[in-house]
Amino acid sequence: MDFNMKKLASDAGVFFSRAVQFTEEKLGQAEKTELDAHFENLLAKADCTKNWTEKILHQTEVLLQPNPSVRVEEFLYEKLDRKVPSRVTNGELLAQYMVEAANDFGPGTPYGKTLFKVGETQKRLGGAERDFMHSASINFLNPLRNFLEGDWRTITKERRILENRRLDLDACKARLKKAKAAEAKASAEHELRVAQTEFDRQAELTRLLLEGISSTHVNHLRCLHEFVEAQATYYAQGYQYMLDLQKQLGSSKGEIFPGTFVGNAESTSPPPATTSPTTVSATIPVVPTVGRAPNPATAVEGALNLSDVKPPASGTRKARVLYDYEAADSSELALLADEMITVYSLPGMDPDWLIGERGNQKGKVPVTYLELLS
């Protein structure tokens with residue numbers, strides 16, 4: 001008990017000494033040991049990293065889950081170390097309602113049949129959204145959260161210790177200046193050497209932690225690339241699902257409008273195809289307005305005889321097929337995802353289409369289904 005009281009009294013004395021030193025520094029009545037410029041830059045970089053990581057983390061959480069109540073519930077489940085319950089996405093819920101409505105209206109009626117097709121597509125979109133949210137949470141949100149809850153807390157703790165060591169050092173310097181007697185002066189010098197050693201040791205430890213922020217940036221950069229890949233995959237899947245739905249709806253009316261929503265009288269621009277660092281992807285064309293306009297694939301059918309078509313003198317290019325494509329007529333070439341074909345353009349062709357060749361087979365192919373290789 002006696003030892004504890006002495007330690008308590010000692011700790012109180014140290015705390016009081018630091019408080020006095022801090023107050024005198026604020027009032028300009030005491031000198032303050034300044035850190036070198038490099039160290040200050042490391043501190044500023046660390047603070048900047050922490051602040052922006054918090055903002056990016058929060059806004060990404062909002063993007064993935066706009067409902068604040070659900071976010072709070074998921075946060076509580078994580079803190080309680082319990083599994084977050086599985087929830088249907090908005091797309092999956094919409095799909096459920098459409099399918100149930102189709103069954104009530106009659107799956108054989110035009111409206112019921114269309115509701116069922118759209119519902120099935122919404123279900124696929126909801127599944128793609130779920131996969132994207134799961135991937136983004138694991139590969140992007142978790143590393144950011146781990147930095148804030150792990151590395152940053154360690155850095156904050158060591159910075160707080162460093163600040164205390166600095167206050168102790170400056171307090172020792174102040175006592176040394178005030179010491180008059182030789183014995184008091186010798187004691188103050190000894191305390192100053194000890195305080196200086198502890199400050200230097202803590203400064204070096206803190207410096208090493210702060211320099212690790214650069215490695216954190218590298219790790220977050222990798223995570224950011226994975227987030228972009230997951231998002232690109234999600235949008236590419238959604239675009240492909242909608243293209244398939246458009247073809248189904250177009251076929252049900254006896255017409256196919258490539259890249260166009262049936263019944264929509266306004267033009268829209270679909271998202272661009274994903275690219276990789278070593279390839280150059282074709283830009284997805286602006287969607288044409290729905291109407292009686294002819295299919296671009298067949299508009300040049302009368303002007304081109306595919307059996308007589310020859311590659312241009314400027315040469316051909318290789319292309320990788322992104323998605324399966326079912327030929328609408330004999331002038332088009334059916335495609336299978338991931339296969340390689342040879343493509344080229346001819347004067348007068350619609351820019352949204354190319355001539356594709358696979359062995360002895362030849363036909364028009366849509367640019368949006370291809371990744372042109374450089």
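## Ground rules

Buried here means under 20% relative accessible area, exposed means over 50%, and partly exposed is in between (1.4 Å probe, protein chains only). This is a predicted model, in which local features need pLDDT of at least 70 and side-chain atom pairs count only at pLDDT 80 or more, while totals for chains, interfaces and linings use all residues. Residues are numbered from 1 along each chain as its sequence is written, and side-chain values use heavy atoms, with hydrogens and water left out.

## The overall layout

The chain has eight helices and five strands; helices (H or I, at least four residues) and strands (E, at least two) are DSSP runs, numbered from the N terminus. Reading from the N terminus, the order is α-α-α-α-α-α-α-α-β-β-β-β-β.

Of the 374 residues, 34% count as buried. The accessible surface comes to about 22,600 Å², and 57% of that belongs to carbon and sulfur atoms (areas come from the Shrake-Rupley method with a 1.4 Å probe; for residues, only the protein chains shown count as cover). Take contacts (heavy atoms within 4.5 Å) between residues at least 6 apart in sequence: 67% of them join residues at least 24 apart.

## Two nonpolar cores

A nonpolar core is a set of buried Ala, Val, Leu, Ile, Met, Phe, Trp, Tyr and Cys residues joined through side-chain atoms within 4.5 Å. The largest one has 38 residues, and Phe132, Phe140 and Leu210 have the most contacts inside it. Two or more residues each come from helix 2 (37-64), helix 4 (90-105), helix 5 (110-178), helix 6 (182-211) and helix 7 (213-252). Helix 5 gives the largest share, 16 residues.

Phe132 touches Leu64, Phe227, Ala230, Gln231 and Tyr234, leaving aside residues up to four places away in sequence. There's also a second, separate core of 25 residues, including Leu335, Val343, Met349 and Val365.

## Helix 4, one face in

After helix 4 comes Gly106, with a positive phi near 110°.

Helix 6 has 30 residues and reaches 43 Å from first C-alpha to last, close to the 44 Å expected at 1.5 Å a residue. Its buried residues are Ala188, Leu192, Ala195, Phe199, Gln202, Ala203, Thr206, Arg207 and Leu210.

Over in helix 7 we find Thr216, which counts as buried at 11% relative accessibility. Thr216 touches Phe147 and Asp151, again leaving aside residues up to four places away in sequence. Thr216 and Pro143 are 73 residues apart in sequence, yet 9.5 Å apart in space, C-alpha to C-alpha.

## Cysteines

The structure holds zero disulfides, a disulfide being a pair of cysteine sulfur atoms within 2.5 Å. Cys172 counts as buried at 6% relative accessibility, and Cys223 counts as buried at 1%.

Conventions: Expected span 1.5 Å × (residues − 1).
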